[in-house]
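Open the model in your viewer and keep the selection panel at hand. The tour goes from one selection to the next.

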Amino acid sequence: MRKGSMPGYKNIKTALLLAILLLTGSILRAQQALPQQRFDAANSLYQQSKFTEAAAAYQQLIDEGYAIKALYFNAGNAYYKAGKTGEAVFNYEKALQLAPRDEAAKHNLALANQKVNGFVDELPLVFFQQWWRQLQQLHKPNGWAVGCILFFWLVIAGVMLNTFLPGWKNKFLRWGNYALGALFALYLVMAIDTYAVANNHQSGIITHSNIKVKTAPDDNSKDAFEVQEGMKVHIADATKDYCKISLADGKTGWISCAWIKRL
Amino acid sequence: MKDRFSIRKYIFSVLCCLGLVVCASAQDLRFTTSVSSNAVTLDEPFQIQFMLENGTNITSFTPPSFKDFEVLQGPSQMQGQSIFNGRRSEYFALNYVLQPKHVGSFTIPGAQARVNGNVIKSNPVLIEVRKGNAQAQQPQQQPQQAIPQHRAQSGGGISEELSDGILKKGEDISEKLKKNIFLKVEVDKTNLYEGDQLTATYKLYTRLPTNSSVTKVPAFKGFSAKDIELPNPPQATEERVNGVPYKVFTIRKTLLFPLQSGTLELDPVEVDNQVRLVKLVGNGKRNRNGRDPFEDFFNDPAFKDPFFDDFFNRPEVEYQDVPYKIQSNPIKINVKPLPVEGRPLSYNGAVGNFKMTAVVDKTTLSTDDALTLKVTISGHGNVNLLNAPKVEVPSGFEKYDPKMTDDIEKNSNPLSGSRQFEYVLMPQEAGKHTIPAVEFSYFDPAANAYKTLRSEAFVIDITQGKRVKEDKHDFGVGKNDLVKIDGGIQQWTKSRSWFIISPWFYALLILPLLIAGAVIFYKRRKDYNTTNAALLKHRYANKVALKRLELAARYLKEGKDKAFYEETSRAVWGYLSHKLKIPFADLSKQLIQDKLAARHINGTNTSDLFELIDNCEVALYAPAHNNDKMQGTYSKAVTIISNLEDALKN
């Protein structure tokens with residue numbers, strides 16, 4: 001009897017353990033409320049002027065991987081109010097990446113940049129760059145991709161009609177096919193370009209103030225100039241520890257990559 | 001930087017009136033040595049006077065030894081008192097007339113006296129003895145001797161200027177001006193730290209009646225300057241240089257703070273003078289000649305009245321205004337940079353000795369209120385150059401630039417006072433916040449070290465204000481306010497999905513290609529098949545036809561004439577259909593004729609063919625058993641097919 005009862009006892013134990021695990025898991029899941037609720041809670045913290053706590057709450061959502069313009073925007077606001085200019089600029093830039101034409105984010109970013117010491121505005125784009133940028137914003141990145149697929153289908157269909165159905169063979173269809181082909185090429189290029197722009201991570205925001213920029217990727221090299229928290233820099237090159245940055249005004253130098261938060 | 005001088009123009013005039021200059025501080029004890037001339041020629045007698053003013057209870061009076069001089073006369077003692085402007089002064093003086101024995105510079109030490117039990121000493125005097133000039137000696141001797149005599153009469157003993165305004169015969173004007181008017185710059189130190197204070201005083205020394213105006217004021221490059229206000233009109237003081245009294249006017253007194261290290265130069269000051277010189281005409285000389293130097297000794301002080309002198313001794317004079325421009329010497333100041341070692345992080349340029357207080361006006365407030373942090377730095381040093389100490393405001397406060405209020409003591413030397421920095425802090429965030437201690441560092445040049453002052457940290461309790469700044473969040477109203485946060489329900493998608501990198505994108509791109517490929521393939525195959533079948537049919541048409549004809553030949557033998565004709569007709573039609581690639585259903589005589597015509601097959605072949613076809617049709621619909629005819633039809637069919645085969649081969 002005793003011998004027989006032992007394994008049963010063990011079974012009960014493991015079952016209990018499992019149950020406890022499951023319970024705690026479910027409790028944890030319950031605590032991890034829906035993102036919308038947590039977002040609302042963070043918003044109300046913000047409304048109560050508890051900006052640091054609100055920022056932390058937003059940041060948690062961001063860290064979990066949610067990528068929503070409103071989340072980045074609100075986080076930017078909370079960081080701005082809490083006096084963390086660098087984080088504020090970073091989050092506004094992120095929001096603008098998701099919604100390039102968002103006026104509110106642009107406005108708040110401009111405000112945050114006013115707090116950045118030695119802020120240098122980026123050079124205005126040449127007209128064709130502006131056109132390109134505007135064209136890019138005509139569709140969302142996925143819109144370009146969908147359009148690309150659509151035009152490809154149309155081109156194929158047109159070509160097939162043109163070649164196999166003698167009744168459809170005319171020059172209008174042929175020219176239509178050329179036009180569709182051009183549109184397909186444009187949409188494909190745009191889809192690739194928007195993807196590349198959004199994923200190159202070649203720019204970043206400085207997260208600390210008074211960082212000495214070195215002339216070479218070496219601790220002992222000379223100081224060239226200083227960068228301040230919140231400055232947007234272009235990362236031109238990088239070694240293991242050092243990143244070569246260039247500023248909007250053309251200055252370049254090396255700083256430790258730890259000071260840059262890549263966009 | 002704060003050079004407030006450049007515009008301000010100094011003009012002061014000096015008018016010395018004859019005979020009525022009185023010691024400003026009549027009640028002060030003064031013991032002075034004065035000589036009639038500092039520079040004498042050998043064998044030229046001069047007078048030296050030791051004068052003790054307001055000395056009560058004089059118990060001893062010891063003149064110095066004149067070892068390099070010969071005492072021609074004296075000591076002659078004078079004692080007296082004068083009342084001027086209601087002030088009484090007493091004096092006691094010893095006069096000697098001396099003659100130098102050697103050429104060179106000699107210092108006559110001061111006389112010693114015991115007054116009220118204290119030993120006091122008069123100032124030493126430097127005498128320069130030059131080689132005698134035979135011509136100049138005689139005329140000079142007389143007036144020189146006359147001077148102390150006159151001074152003694154005036155009572156105060158300070159009025160040499162008067163007689164120095166007299167241009168004696170043979171005297172060089174420029175030499176005289178040079179000797180009697182000059183500028184001097186006094187600095188209290190020439191070697192100091194950057195930011196330390198330096199006092200520069202520009203003084204005009206004169207023994208002549210002059211009307212002077214400052215034409216060039218120094219700019220003090222590299223310094224921050226703060227002027228000390230001088231009385232207006234300028235007040236003259238008296239100073240002795242080498243025992244010779246001068247009237248001294250302070251042109252400018254400035255506190256200077258070097259702003260950079262290195263060797264800096266104090267610019268010179270330039271003064272234009274209009275010197276009024278009196279020329280003696282012959283009359284005066286006669287009078288003077290008549291006077292006996294020894295007369296002094298016996299003269300009763302009551303007799304010696306300035307008016308008396310004026311009236312009787314100088315009846316005939318002539319005035320001459322001489323312009324004379326003078327410049328002070330530039331002075332080099334060596335400024336050391338502040339030491340680097342031990343320099344605190346919070347140091348921002350203060351040099352001197354300071355105290356700091358920091359106060360906040362309240363410790364509990366709501367986000368609607370504002371907090372004021374007052375930092376007051378007082379002491380002496382470069383108060384006017386103090387920079388605001390850096391206040392590390394925690395996040396949750398909005399900081400504005402500090403308001404600066406100065407309270408600098410007027411004419412203080414060293415510069416002292418206080419500077420107050422008022423920081424207005426707007427709390428943005430509710431909760432308990434700590435403002436870290438305010439730190440202020442300065443360099444103490446006396447101790448030659450940096451010192452750091454630190455206030456206490458402030459704990460501020462901030463409650464949520466009632467006013468939710470809705471108006472401020474309005475985008476249209478405040479261009480400098482944040483656009484308020486986004487609320488509302490969001491679509492909670494984790495990271496952005498990129499359609500372009502998803503397999504679907506590529507699948508959808510490839511799919512139409514596949515479809516197109518499939519269609520093309522199918523079509524190709526169909527085409528191939530059709531063309532291929534026709535070819536085969538064409539190739540085997542003869543065989544098929546012959547096979548059919550064999551079958552017909554069997555029917556012929558069996559005497560089934562209907563089947564025979566059917567089979568023959570089918571063989572011919574089928575052959576034509578295959579050979580001419582005409583679908584079976586489309587076959588017609590006309591079409592066949594056209595096709596054959598297109599292939600240039602005409603004449604007997606075609607007519608035989610159609611005859612055969614007609615025969616078959618007739619035989620099918622009007623059966624008449626005729627074995628010979630059937631035989632003939634058969635052989636005709638075979639001939640036609642083989643003929644056509646030959647013709648169509650090409």
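Start where the two chains meet: 56 residues of chain A are in contact (heavy atoms within 4.5 Å) with 43 residues of chain B. This is a predicted model, in which local features need pLDDT of at least 70 and side-chain atom pairs count only at pLDDT 80 or more, while totals for chains, interfaces and linings use all residues. Residues are numbered from 1 along each chain as its sequence is written, chains are lettered from A and ligands numbered from 1 in the order in which they are written, and side-chain values use heavy atoms, with hydrogens and water left out.

Keep both chains selected. Between them, chain A and chain B bury about 4,300 Å², 67% of it on carbon and sulfur atoms; buried area is the accessible area (1.4 Å probe) that two parts lose on being put together, summed over both.

Next, select Trp153(A), found in helix H8 (residues 141-164) of chain A; helices are DSSP runs of H or I, at least four residues, numbered from the N terminus. Is Trp153(A) partly exposed or buried? Its relative accessibility is 32%, so Trp153(A) counts as partly exposed, the class between buried (under 20% relative accessible area) and exposed (over 50%), with a 1.4 Å probe and protein chains only.

Finally, color chain B by burial: of its 650 residues, 44% count as buried.

Conventions: Helices (H or I, at least four residues) and strands (E, at least two) are DSSP runs, numbered from the N terminus.
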